[in-house]
Each structure stands twice: as structure tokens, then as C-alpha cells.
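This briefing sets out the architecture of a single chain, from its overall dimensions to selected residues. Please read it alongside the sequence and the coordinates.

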Amino acid sequence: GAAGAYTLAPGAITSSAKVAAITGSTSTTSGTATLTSMADATSLTSITITADKANFTTGAIGSGADANGLATITISATGGATAKLGDTNGDDTNTTSGETTATMTLTADTSSTVQLMTYSATEGAIALTASGAGNFTLGGDSDPISFGEASTFDLSGATGTNSLNQVGATAASTVTLASEGGSDTIQLDDDAVITIANFQIG
């Protein structure tokens, strides 16, 4: 992580087939950190990003070999920082040993942002929980969150500005929104069933 007021920008992680966990953090204003990319995510099981006061960004993960066992993603943004997970290929391979549910725990305080770019789990599921008064961008206009097994998105504790792009999803999902202030935008796929609980007026 970047502990001083300097930029940390390691290049692409190569020979990464044995990497099981990615952990990164920032703690000082202007001490940003960027992980360029990691193509081979064969052994990756967890990602932890903590951005405090300065941004933490990753590039593409699993572009060369999927992270089929990626089961835990924890991302926190505080102090006005943005924590961004780049395009990630999770469980995209049908295996006889079973499919993976990616448990995602996201938190962002006021003025902070957690951002997921494209996340692909065409054979797996997602169990996502987001909380805090910050902003959550879960896929952009051209960066969908896709999944092949029934998934849940719990934003009941996310009271800021939230957007979720599920275009490309092929399985049913349940999205629970907060019932108080804030705003939510959800992009849907006409090939999947989505159940939405609660609506915010913002």
C-alpha cells in the first residue's frame, strides 16, 4: 500500500498463476496506488482494497486466465477516496467441482466512492452487500456486472448515490435498496428476472 504522500504504481503482475490474494491500501492524501493488471488469476481467491484519503485502482484481473475460485472481495473507501476494481473475470468456467459465489462487501463513507468495472461470473453467483453514505458504481454504461447463477445485491444500507448495471446477466437476482434518502439507477437485462425491494426518493 501507499503509506506516504507518494504515488505507488507497480506494473503488471506476471507469472501470477500462484497468487492467491491481492491486498492493497492507501492512507495519506495524494499517496495514491495503482495495480496495473494481473492476467493469470488461476489461483486467486480474495481481493481486499482499502482506500483512505487517496485513491486505489486496479487494472484488469483475469484477462488471460479466469479467477474461477475468487470467493471474497472486500472494498472500502473513506476520506473522500475512490476504490476502483478494474475489469475482472471471475467464475467464467463451468467446472465439475461446482461454481463459485463471489461474496462482495463494499463500504463507502460520505464523499467517497467504490467502483466496480466489468465483473464477469457467467458460471457463478454474486452475493453483494454495500453500505454507507458514499457512492457505489457497480458497473458503468459499458461495464456490466454479469452472473450465471441466482445472485443478491443488498444495498439496504447504501444511502448515497448508487448505480448498478446488470446488462448481460443470465440468472435471476434480488436487489434490495435503502428505504430512505439517496438515489438509485439500475440497468436491467431482458433475459433475466430481477426482483427489486424498496425505492428511494431522491
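Of the 202 residues in the chain, 40% are buried, where buried means under 20% relative accessible area, exposed over 50% and partly exposed in between (1.4 Å probe, protein chains only). The model is predicted, so local features need pLDDT of at least 70 and side-chain atom pairs count only at pLDDT 80 or more, while totals for chains, interfaces and linings use all residues. Residues are numbered from 1 along each chain as its sequence is written, and side-chain values use heavy atoms, with hydrogens and water left out.

**Overall form**

- The chain has 20 strands and zero helices; both element types are DSSP runs numbered from the N terminus, helices being H or I of at least four residues and strands E of at least two.
- With a radius of gyration of 16 Å, close to the 17 Å that the globule rule gives for 202 residues, the chain is as compact as a globular protein of that length. The radius is taken over C-alpha atoms, and the globule rule is 2.2 Å times the number of residues to the power 0.38.
- Along the principal axes, the C-alpha atoms fill a box of roughly 45 × 45 × 25 Å.
- The accessible surface of the chain is about 8600 Å², and carbon and sulfur atoms hold 52% of that area; accessible areas come from the Shrake-Rupley method with a 1.4 Å probe, and for residues only the protein chains shown count as cover.
- Among contacts in the chain with a separation of 6 or more, 61% link residues 24 or more positions apart, a contact being heavy atoms within 4.5 Å.

- Eight strands form an open sheet with parallel pairing, in the order 1-4-7-10-13-16-18-20; two strands pair if DSSP finds at least two bridges between them.
- Strand 1 (21-26) and strand 20 (194-197) are at the edges, and each has a single partner strand, so one side of each is left without a neighbour in the sheet.
- From one strand to the next, the twist averages 5°. Axes are lines fitted to C-alpha atoms, for helices over the stretch in contact, and angles run from 0 to 180 degrees between N-to-C directions.
- Strand 7 (residues 72-78) runs parallel to strand 10 (residues 101-108), and six bridges join them.
- Opposite T72 stands T103, in strand 10.

- Strand 14 (residues 135-138) pairs with strand 11 in the parallel sense over four bridges, and L138 in strand 14 is the bridge partner of L116.
- Strand 14 also runs parallel to strand 17, joined by three bridges; here L138 has L164 of strand 17 as its bridge partner.
- In a regular strand the side chains alternate between the two faces of the sheet.

**A buried polar residue**

- N162 belongs to strand 17 (residues 161-165) and is buried, with a relative accessible area of 2%.
- The side chains of N162 and D184 are joined by a polar contact of 2.9 Å. Such a contact is a pair of N or O atoms within 3.5 Å; within protein, one must be able to donate a hydrogen and the other to accept it, and residues adjacent in sequence count only if both atoms are side-chain atoms.

**Loop residues**

- S30, in the loop between strand 1 and strand 2 (33-35), has a positive phi of about 75° although it is not a glycine. S30 is partly exposed, at a relative accessible area of 43%.
- S111 lies in the loop between strand 10 and strand 11 (113-116). The phi of this non-glycine residue S111 is positive, near 75°, and S111 is exposed, with a relative accessible area of 53%.
- A60 is placed in the loop between strand 5 (56-58) and strand 6 (61-65) and counts as partly exposed at 30% relative accessibility.
- Leaving aside neighbours within four places in sequence, A60 is in contact with T36, S37, M38 and D87.
- From C-alpha to C-alpha, A60 and Q166 are 19 Å apart in space, and they are 106 residues apart in sequence.
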